[in-house]
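Student: I would like to learn how to read a structural model feature by feature. Could we go through one together, with the general idea first and the case at hand after it?

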Amino acid sequence: VGPFRAWCSLNGAAVSDDVAAVKILVVDDSKVMRMIVKKSIRQAGFGTAETDDAGNASEAIEKIGSFRPDLVLCDWNMPGMTGLELLTNLRASGNAVKFGFITSEGSSETRQAAADAGALFLLAKPFTAEDLKTHLDVVLAA
Amino acid sequence: MTAISRTQWLEALASSVTDVAATMGFDATLLPANDPDYGPTAGSYLSLKSETNAIEIGLLSSADGCRSLAAMLLSMEPDEAAALENSDIADGVGELVNVLVGVLKTAVAQTDTQLQLGLPIFVAGSMIPGRHMSRDTIVCELGGTQCSIELHVATHGR
């Protein structure tokens, strides 16, 4: 069992039919991190969720319009527009898509800024798939 | 804000390496820094700066070591790792150092709340710190791959 598989292990998390139609957009400038987050979504029991990804905020805005995700999972530090700026711009334009951060920025100040901007959660790296499941279960059930 | 000493940075860095490894499920072993057979050739650097403190952290290894680190992050088997492109290796090592410095930032947040993360830069060779920066090295094995973690600390703040 590789470290990432161990990292993502969930001890048999089930995939339920009610998440089959969920659409999740993963936004991160790191291709490797996008792969890890999408793999973690599957490991978290949301293997039937439809996922897409974007490498920067501008691409994310396009895909939010075309892919119409139920949830955006976004990095904080990205070249150009940051994740926080992306969320702020979305809310300013009236877009209320559910939004969570997955980031190495785990300080209390960052968490407060994320919440103030309208993020539903902030998951700090490194994280386990079980950590992600905890947030997805709450956010996608709402 | 208070200036963080080299010793404090080193202690927090060593602790952060252990924390990251534990959460991500790989072994981390700190080694003596005088292994004559080990020479890192590439790696990723990331800055962490405020008005009071400024550091750079580098995660370095051999070319094969960088490939192994990226493969470890992606849970790839050794035969799968051979297919990794250089851009994926740079991306993976950059993401590892990004996670490490994020944990380090949180570890020192009570001393300096203004620290800002930079973006990772992958280099062939190693960065030479400026004359107002010190350099310390932690040699370690991460998931069985020998690495150097460099700490550059600005001696006069930012």
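Student: Which residues touch the most other members of the largest nonpolar core?

Tutor: In soluble globular proteins, nonpolar side chains tend to be buried together. A nonpolar core here is a set of buried Ala, Val, Leu, Ile, Met, Phe, Trp, Tyr and Cys residues joined through side-chain atoms within 4.5 Å, where buried means under 20% relative accessible area, exposed means over 50%, and partly exposed lies in between (1.4 Å probe, protein chains only). In this predicted model, the largest such core has 65 residues, of which A:I24, A:L73, B:W9, B:I57, B:L59, B:L142 and B:I149 touch the most other members. Its largest share, 9 residues, comes from α4(B), and a second, separate core of 21 residues includes A:A60, A:V72, A:L90 and A:L122.

Student: What should I know about the numbering and the confidence limits before going on?

Tutor: Residues are numbered from 1 along each chain as its sequence is written, while chains are lettered from A and ligands numbered from 1 in the order in which they are written. Because this is a predicted model, local features need pLDDT of at least 70 and side-chain atom pairs count only at pLDDT 80 or more, whereas totals for chains, interfaces and linings use all residues; side-chain values use heavy atoms, with hydrogens and water left out.

Student: What does B:L59 touch?

Tutor: Contact means heavy atoms within 4.5 Å. Not counting residues up to four places away in sequence, B:L59 touches a set of chain B residues, including B:L69, B:V93, B:L96, B:V97, B:L142 and B:I149.

Student: How many helices and strands does chain A have?

Tutor: Helices (H or I, at least four residues) and strands (E, at least two) are DSSP runs, numbered from the N terminus. Chain A has 6 helices and 5 strands, and from the N terminus on its elements run α-β-α-β-α-β-α-β-α-β-α. Of its 142 residues, 51% count as buried, and among contacts in chain A between residues at least 6 apart in sequence, 69% join residues at least 24 apart.

Student: How many residues of each chain are in contact across the interface between chain A and chain B?

Tutor: There, 25 residues of chain A are in contact with 24 residues of chain B. Buried area is the accessible area (1.4 Å probe) that two parts lose on being put together, summed over both; between these chains it is about 2100 Å², of which carbon and sulfur atoms give 58%.

A salt bridge is a side-chain nitrogen of Lys or Arg within 4 Å of a carboxyl oxygen of Asp or Glu, and 3 of them are counted between chain A and chain B. On the side of chain A that touches chain B, α1 (3–8), α2 (31–43) and α5 (108–117) of chain A each supply at least two residues, and the largest share, 6 residues, comes from α2(A).

Student: With which residue does B:E95 form a salt bridge?

Tutor: B:E95 pairs with A:K125, the closest N and O atoms being 2.8 Å apart. A:K125 lies in the loop between β5 (121–124) and α6 (129–141) of chain A, and it counts as buried because its relative accessibility is 3%. The contacts of A:K125 include A:D28 and A:D75, as well as B:N98 and B:V99. The peptide bond from A:K125 to A:P126 is cis, with omega near -5°.

Student: Which side chain of opposite charge is nearest to B:D91?

Tutor: For charge, Lys and Arg count as positive and Asp and Glu as negative, while His and the chain ends are not counted. B:D91, in helix α4 (residues 86–107) of chain B, is buried yet has no salt bridge, and the nearest side chain of opposite charge, A:R34, is 6.3 Å away. A polar atom of the B:D91 side chain does, however, lie 2.8 Å from the backbone nitrogen of A:V32.

Student: Is A:V32 buried or exposed?

Tutor: A:V32, in helix α2 of chain A, counts as buried because its relative accessibility is 0%. Leaving aside neighbours within four places in sequence, A:V32 is in contact with B:L73, B:L74, B:D88, B:D91 and B:G92.

How values were computed:
A polar contact is a pair of N or O atoms within 3.5 Å; within protein, one must be able to donate a hydrogen and the other to accept it, and residues adjacent in sequence count only if both atoms are side-chain atoms.
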